[in-house]
Amino acid sequence: MNPLLLLDYSGIAVFAATGALAASRKELDLIGFIFLAGITGMGGGTLRDLIIDAPVFWILNPTYIVICALVAVLVFFTAPMVEYRYRLLLWFDAVGLAAYSVLGAAKGLVASGSATVALVTGILTATFGGVLRDVVAGEPSVLMRPEVYVSAALVGAAVFTGMDIAGVDGTIAALVAFAAAFLVRGGAIRYGWT
Amino acid sequence: MNPLLLLDYSGIAVFAATGALAASRKELDLIGFIFLAGITGMGGGTLRDLIIDAPVFWILNPTYIVICALVAVLVFFTAPMVEYRYRLLLWFDAVGLAAYSVLGAAKGLVASGSATVALVTGILTATFGGVLRDVVAGEPSVLMRPEVYVSAALVGAAVFTGMDIAGVDGTIAALVAFAAAFLVRGGAIRYGWT
Amino acid sequence: MNPLLLLDYSGIAVFAATGALAASRKELDLIGFIFLAGITGMGGGTLRDLIIDAPVFWILNPTYIVICALVAVLVFFTAPMVEYRYRLLLWFDAVGLAAYSVLGAAKGLVASGSATVALVTGILTATFGGVLRDVVAGEPSVLMRPEVYVSAALVGAAVFTGMDIAGVDGTIAALVAFAAAFLVRGGAIRYGWT
């Protein structure tokens, strides 16, 4: 499987899970879970596609919608058993952030040819789903938390863009950049890096 | 008059009225009424058109803008006489939700040919104007209320999409789907369905 | 230098500064400053370009991204010395509001040929960056403040559109409309016009 596609499906699934966990904290019904899972999982990529003037990815391939719905159903039935739902949300969010920072940079770079644009589309893709989730759920934005957040997305986007421009193989660049972004955000969650 | 067009004008007018009622609760000036009426009335359809890559409807036909402004002026002068403004907002919102869930599904189905996509565009069109209204007005999102909300939009989108695929005449499908969505949301408001 | 381009760079720089000032009030890190500066500076114009189906301006010309980042860095190092950061934010916001109401109307008029559409794109371009800033930073929307706000954007858009349709030279129309919008919003901040 193409590693970018794997990042894509993983990113959407974990972001969808964070939306469903937010729905669980708000005690919504099943459809509310699916709704929040969908806007969180697909929001960042939708904004990215609109901005780079590409067809919206889930219109081309409705499988993404089904993934979000399945994840939401799964969380709906298992979340009551989870003790630390917000903590879990933060860790899933970190995986999604890392995956989407790379994917957003890759698509922005192809569409514009500009490294600067790639950094912006990487950051936007990684953060916008979470912003939508927090705004709709009426929670304080995860971006306003004291620990490092947007910086981790920047690291993922910058490492990928730099390695890609340097001619490194796309698969390796994607995996290294994903790991770098996840380490930064993970460290922030675990050790409170600010 | 084309029934979809009728749903469209009704939907925009009642959503615009909910925006103006929110402006009234915030004691804004007349331009603030028009602004909130406009983003509530036209926000959902704008997002839908961007996503399905259609020209934005109110750029093609500025009549929609005029409808929102007229509704805002009407509410500006009559709202102080209304005793239960939030209750009225909820009922208008229910009519708009029902109308836009059908319309959004219809446009998404035509644009993508996918029933799954049609459900998503139906829900997004029906909910996004209200989300914008609540976010800008700084009110808790109507989607986070305990009673059924997104589910009603799903019912409208699903009934229309199902009947359309089954070959039912578009006018009949639209009216039945509108009625179904309105009954679900109306029951939720009236009897507190959760 | 083309006066519309000058309005454009000024508008983006002062809006970016308001985003950075909001980041300063939230005690974010440098990347948080750049992020909030970017979405505030470029948010309104991005929405405008999506709606009129133009290529997004900062994809075509990444200089805009660099301007936002530089402004954010500047504010990051100087903001601690500023005593009245919210007051300064409001005045910068007024300059950006005036500049973008004109620019948004000009682009909307060219794209649609409709004066009504031009008023809407003028207002949206002028207000949306600030809405994003306030939503992400979790502050009450500047649009909900008691003094005149959206009306000032309407004045800028209407004066420019009226003069342009009347055949007045574009440079003069832009400067007069900018001054009119700034006077209205400035009066609102200084004298509490409601």
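This is a guided tour of a predicted model, with something to select at each stop.

**Before you start**

Residues count from 1 along each chain as its sequence is written, while chains are lettered from A and ligands numbered from 1 in the order in which they are written. Because the model is predicted, local features need pLDDT of at least 70, side-chain atom pairs count only at pLDDT 80 or more, and totals for chains, interfaces and linings use all residues; side-chain values use heavy atoms, with hydrogens and water left out.

**Stop 1: the chains together**

Show chains A and B. The superposition is by least squares on the C-alpha atoms of residues with pLDDT of at least 70 in both copies. The surfaces that the copies use are different: 10% of the contact residues of chain B recur in chain A. Contact here means heavy atoms within 4.5 Å.

Now bring in chain C. Chain B can be laid on chain C with an RMSD of 0.0 Å, again by a turn of 120° and a shift of 0.0 Å along the axis. Here, too, the copies use different surfaces, and 11% of the contact residues of chain B recur in chain C.

**Stop 2: α6 and α7 of chain C**

Select residues 115-137 of chain C for helix α6 and residues 150-165 of chain C for helix α7. Helices are DSSP runs (H or I, at least four residues), numbered from the N terminus. The axes of these two helices come within 9 Å and cross at roughly 140°. That makes α6(C) oblique to α7(C). For such angles, under 35 degrees counts as roughly parallel, over 145 as roughly antiparallel, 65 to 115 as roughly perpendicular, and the rest as oblique. The axes are lines fitted to C-alpha atoms over the stretch in contact, and angles run from 0 to 180 degrees between N-to-C directions.

The crossing of α6(C) and α7(C) is right-handed. A crossing gets this name if the near helix is turned clockwise from the far one by less than a right angle, and is left-handed if anticlockwise.

Which residues meet here? On the α6(C) side, select Ala115(C), Ala118(C), Leu119(C), Gly122(C), Ile123(C) and Ala126(C). They meet Val150(C), Ala153(C), Leu154(C), Ala157(C), Ala158(C), Thr161(C) and Ile165(C) in α7(C). By class, this contact of α6(C) with α7(C) has 11 nonpolar, 2 polar and no charged residues. Ala, Val, Leu, Ile, Met, Phe, Trp, Tyr, Cys and Pro count as nonpolar, Asp, Glu, Lys and Arg as charged, and the others, Gly among them, as polar.

**Stop 3: Thr121(C)**

Stay in helix α6 of chain C and click on Thr121(C). Is Thr121(C) buried or exposed? Thr121(C) is buried, with a relative accessible area of 2%. Buried means under 20% relative accessible area, exposed over 50%, and partly exposed in between (1.4 Å probe, protein chains only).

Not counting residues up to four places away in sequence, Thr121(C) touches Trp58(B), Ile52(C), Gly104(C), Ala105(C) and Gly108(C). Try the distance tool as well: Thr121(C) and Ala158(C) are 11 Å apart, C-alpha to C-alpha, and 37 residues apart in sequence.

**Stop 4: helix α1 of chain C**

Select residues 3-25 of chain C, helix α1, and find Ala13(C) there. Leaving aside neighbours within four places in sequence, Ala13(C) is in contact with Ile67(C) and Val71(C). Tyr64(C) is 51 residues from Ala13(C) in sequence and 8.8 Å away in space, C-alpha to C-alpha.

The contact of α1(C) with α5(C) holds 19 nonpolar, 4 polar and 4 charged residues.

**Stop 5: two loops**

Go to the loop between α1 and α2 (30-51) of chain C and pick Glu27(C). Glu27(C) is exposed, at 72% relative accessible area. Glu27(C) has a positive phi of about 55° although it is not a glycine. Most residues other than glycine have a negative phi.

Finish in chain A, in the loop between α6 (115-137) and α7 (150-165), where Glu139(A) lies. Glu139(A) counts as buried at 19% relative accessibility. Beyond neighbours within four places in sequence, Glu139(A) is in contact with Arg25(A), Lys26(A) and Asp134(A).
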